[in-house]
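Have the sequence and the 3D view open as you read.

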Amino acid sequence: MSCQPPPAFSDTDRRHMRTALALAREGRFSASPNPRVGCVIARGEQIVGMGFHVRAGEPHAEVHALRQAGELARGATAYVTLEPCAHYGRTPPCAQALIAAGVSRVAAAISDPNPQVAGKGLAMLEAAGIRTGCGLLAAEARELNRGFLSRIERGRPFVRLKCAASLDGKTALSDGRSQWITDEAARADVQLLRAESCAVLSGIGTVLADDPLLTVRAFPVVRPPVRVILDSRLRLNPSAKMLADASAPLMVLTGETDPAKHSAFARFPHASVHAVPLRSDGLTDLPAALALLAQHGIGEVLAEAGATLAGALLHADLADEIVLYQAAKILGTPARGLFALPEDAAALHDAPRWETRSVEMLGNGVKWVLRRTEAV
């Protein structure tokens, strides 16, 4: 059973589901690899219970809302941003909890594509005599869980490419110096992007040049994003800052097979080295690397990369969103550009279609968000 065309939802239904979506958003820094889910239990206009899923292994949104509602849940409507689960994982099935609580109706925003659920939750509810509806504010719910959905439906994460450039489209001086093109407001915003992401992706060239940490430092996080480095020949220096900093997991993806090189990282418990295939030119096979990340539960990736990796992601049609921070500076012709792309990549008939999602003033610069029209 999948999410069928929605029945006639009322204005009250829409108001309650918007509240459930706002609750789900509270889990954006902590819920992954699980989806971000919110739940509202209501009797007509009155909300009697609310909850959201905080992190994997802890109670789901429905459980929090049912606990708050207590006996008032009997005969009420449950509004859930994702189809209630019907399987035993780390927690019991939420569909069963809703049945036991005696709710009379469940409205879901979208069905769950996870093969362990995929319509089974709604079917379980209907078999128990509970009325169900699906598709209420579905577009908003898909946007909220674009990473989870991409991982399940496409077998790869949703990739957000973060870029910072001057007015003339340059990312660094000709000698490679790039700190700091953008101002403090843009750098603070990037910390939020990192915290929302399951992983922060970069290439070994950037790591060797800048020795970054790629961590969230502006505020404490419950679930720090995994740092992922594409390092085809395993050139990462054991003295790198990210190896000394164990505050976040580190995955190194490499085509290097020399056991001696791998063993150099065994003394770092927060770091792991993973084999990925290489292309004929010796560079990392990007689709294979992203598929590996999806297998590890990573649904949303923030790529903070130099022109080479950024260009490779674009040329391979693997970037779903671009977040461009443009500073009020001019670096000049010799400076380095945003993307390293082959000459034929600019052909109009091959160019991907991008649409502007938002443009806003940020400090003394501009934040421009673009989305592939084909993206989740």
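## A term to start with

A salt bridge here is a side-chain nitrogen of Lys or Arg within 4 Å of a carboxyl oxygen of Asp or Glu. Keep in mind, too, that this is a predicted model.

The chain splits into domain 1, covering 11-146, and domain 2, covering 156-372. Their C-alpha centres sit 34 Å apart. Where they touch, 10 residues of domain 1 are in contact with 12 residues of domain 2. Together the two domains bury about 1000 Å², with 46% of it on carbon and sulfur atoms. On the domain 1 side, F29, S32 and R146 give up the most area to domain 2, together 59% of what that side buries.

## Charges across the interface

So what kinds of links cross over? The rule finds 5 salt bridges across the interface of domain 1 and domain 2. There are also 6 residue pairs in polar contact between the two domains, counting residues at pLDDT 80 or more. The side of domain 1 that touches domain 2 has 6 charged residues, plus 2 nonpolar and 2 polar ones.

## Helix α6

Now for helix α6, residues 146-153: 6 of its 8 residues are buried, so the helix is largely enclosed by the rest of the structure. The buried ones are R146, G147, F148, L149, S150 and R151. They pack against several elements, including α5 (138-144), β6 (158-165) and α11 (286-295). After α6 comes G155, which has a positive phi near 70 degrees.

Terms used. Residues are numbered from 1 along each chain as its sequence is written. Side-chain values use heavy atoms; hydrogens and water are left out. Domain bounds come from an automatic or database domain assignment. Contact means heavy atoms within 4.5 Å. Buried area is the accessible area (1.4 Å probe) that two parts lose on being put together, summed over both. A polar contact is a pair of N or O atoms within 3.5 Å; within protein, one must be able to donate a hydrogen and the other to accept it, and residues adjacent in sequence count only if both atoms are side-chain atoms. Ala, Val, Leu, Ile, Met, Phe, Trp, Tyr, Cys and Pro count as nonpolar, Asp, Glu, Lys and Arg as charged, and the others, Gly among them, as polar. Buried means under 20% relative accessible area, exposed over 50%, partly exposed in between (1.4 Å probe, protein chains only). Helices (H or I, at least four residues) and strands (E, at least two) are DSSP runs, numbered from the N terminus.
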